[in-house]
Amino acid sequence: MRYANVKHFKTTKEIKIPEDPLMQVIGQDKAVKIARIAAKQKRNLLLIGPPGVGKSLIAQAMAFHIEKPKEEVSVLHNPSNPERPFVEIRTREQIEKEKKIKEKLSGKIVEPSEVPAFVAEKLGFRCRFCGALSSSQEEFCPKCGREKFTTGPRTAGDLLLPYLEEHKRKDKVYTTKVGPDGKEEVIVYKRRGEKIVVMDQTLLEKIERAKNRAPRKIILPLNRNNFVIATGASETELLGDVRHDPYGGNAQIGVLPYKRVVPGAIHEAHEGILFIDELSSLEYIQRYLLTAMQEKKYPIIGRNPQSAGASVRVEGVPCDFTLVAAANVNDLKYILPPLRSRMVGNGYEIVLETYMPDTEENRMKIAQFAAQEVLKDGKIPHLNYEAVQALCDEAKRRAREIDGAPNALTLRLRDLSGIIRLAGDQATEKKVIEKEDIKKAVKDAKNAEEQLSNKYGSMWRAGMSDSGNAKRPEQRDIR
Ligand SMILES: Nc1ncnc2c1ncn2[C@@H]1O[C@H](COP(=O)(O)OP(=O)(O)O)[C@@H](O)[C@H]1O
Ligand SMILES: [Mg+2]
């Protein structure tokens, strides 16, 4: 892609943002190239780097490049052992086919003039005196004015009761006919609006068979999201669960076990991407993740031993996902070695960049980044050319101070987006964000850093407590 010439933009509004979300990732060319391959080839990916350099962004963007799910997964009631529901996988084609069959099962729709006279009469269309056809909603014949059908007894103990019952309008009429093989066949006529549905014996049998098919719960619909984030890192969130039923799944008053099955993130990510931020924080759960990746299916069981769900087990629930995980360099040692080798064995490990050389081209990338942030925010104005340069100067200062890199621009862009927002909030009255707004925002942000650093002792500690990781400082180092 070609970037507009740096010297030739007045504000970031002019900068065209690529549609491909991977191309919106700034300064991580190697990672983006590999992410593209990983998405296409369904390879796992371990993204290593400090906070705010685009790990989540890359993972999410990969989902844009993978195919939509092709399989729908359901759990089915198992009549002979309800606590062992079955799994059923249906492809898009199968679902389409079954839908067509279902449509056919709804019977043939005909006009009142196409059915035998006595059927039209009973269904309320035909006048039993003059034979004229009219709307089934009209009680009196519009042609001869006489009562087409009765609406039932008018007073309690009406002497005409048998007569009134006989001439009541029916919703459904059963008849029989002799088929080609000499056997008697049932035909049902049903009123539907101002038309009639006809169902013959074979159709009725098919409907009966369809009714007897095991009831199902779709746990992974076809149109599910192909990007799943596992955040809480709890066993149930990752591996699924069977909900509790106060009636213990009692057949009469309880909720049947198959209805209480809940898929985990590993299942929801079937045919898609499972993104795990801070892989090491999964701790012992990594072991289950490894098994799931090896087997590509994983049972769903009730995980609370006190719950009525504990006795329920669904075998073979598919979980063929692509794992994209993020980790801090210092946390690598907390990743289960076989899991890491599994990821690398069938995928890639990439260390993200934390800065890029300060060149005109890269300054233009910062401009693109600024344009993206303005759009993402939706409430702040664009930056003019000078404001972008001021932002780049701050990016340069940060690369030097945080990464000790001279003549570079930082890629810790989450922090930089904070500056843009701060500047934007002060500039909302104006049409654009100007140099002064950026400078002021930088100063304010610095003041905030100083305040935090006074409070917590050092800047990185402040960062720790902010991300909720204060408990294990020895594992982290954001520098
Ligand atoms: N390389 C990048 N290119 C463009 N924007 C970025 C980049 N890195 C971070 N950002 C901005 O910062 C935000 C946070 O980045 P994120 O991907 O969550 O970082 P990480 O997952 O590495 O902590 C993103 O939503 C985006 O606005
Ligand atoms: Mg992240």
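Visitor: How are the axes and the angles between them defined?
Guide: In this predicted model, angles run from 0 to 180 degrees between N-to-C directions.

Visitor: At roughly what angle do the axes of helix 12 and helix 13 cross?
Guide: Two packed helices are described by the angle between their axes and the distance between the axes. The axes of helix 12 and helix 13 come within 11 Å. Their handedness is right-handed, and the crossing angle is roughly 145°.

Visitor: Which residues of helix 13 make the contact with helix 12?
Guide: By class, this contact holds 5 nonpolar residues, no polar ones and 1 charged one. Helix 12 supplies Leu 391, Glu 394 and Ala 395. On the side of helix 13, the residues are Leu 416, Ile 419 and Ile 420.

Visitor: Which residues of helix 12 are buried?
Guide: Helix 12 covers residues 385-403, and its 26 Å from first to last C-alpha is close to the 27 Å expected. A residue is buried if 20 or more other C-beta atoms lie within 10 Å of its own. The residues of helix 12 that are buried are Ala 387, Val 388, Ala 390, Leu 391, Cys 392, Glu 394, Ala 395, Lys 396, Arg 398 and Ala 399.

Visitor: Why is helix 11 described as oblique to helix 13?
Guide: Helix 11 (residues 360-377) packs against helix 13 (residues 413-426) with the axes 10 Å apart and an angle of about 60°. That angle makes the arrangement of helix 11 to helix 13 oblique.

Visitor: Which residues of helix 11 make the contact with helix 13?
Guide: The crossing of these two helices is right-handed. Helix 13 contributes Leu 413, Ser 417, Ile 420, Arg 421 and Gly 424. From helix 11 come Phe 369, Ala 370, Glu 373 and Asp 377.

Visitor: Which residues of helix 10 meet helix 9?
Guide: The axes of helix 9 (residues 286-295) and helix 10 (residues 337-345) come within 9 Å and cross at roughly 35°, in a left-handed crossing. Helix 9 brings Gln 286, Leu 289, Leu 290 and Met 293. They meet Pro 338, Leu 339 and Arg 342 in helix 10.

How values were computed:
Residues are numbered from 1 along each chain as its sequence is written. Chains are lettered from A and ligands numbered from 1 in the order in which they are written. This is a predicted model: local features need pLDDT of at least 70, side-chain atom pairs count only at pLDDT 80 or more; totals for chains, interfaces and linings use all residues. Helices (H or I, at least four residues) and strands (E, at least two) are DSSP runs, numbered from the N terminus. Angles under 35 degrees count as roughly parallel, over 145 as roughly antiparallel, 65 to 115 as roughly perpendicular and the rest as oblique. A crossing is left-handed if the near helix is turned anticlockwise from the far one by less than a right angle, and right-handed if clockwise. Two residues are in contact if their C-beta atoms, placed from the backbone, lie within 7 Å. The expected span of a helix is 1.5 Å times one less than its number of residues. A residue is buried if 20 or more other C-beta atoms lie within 10 Å of its own, exposed if 12 or fewer, and partly exposed in between; C-beta atoms are placed from the backbone. Ala, Val, Leu, Ile, Met, Phe, Trp, Tyr, Cys and Pro count as nonpolar, Asp, Glu, Lys and Arg as charged, and the others, Gly among them, as polar.
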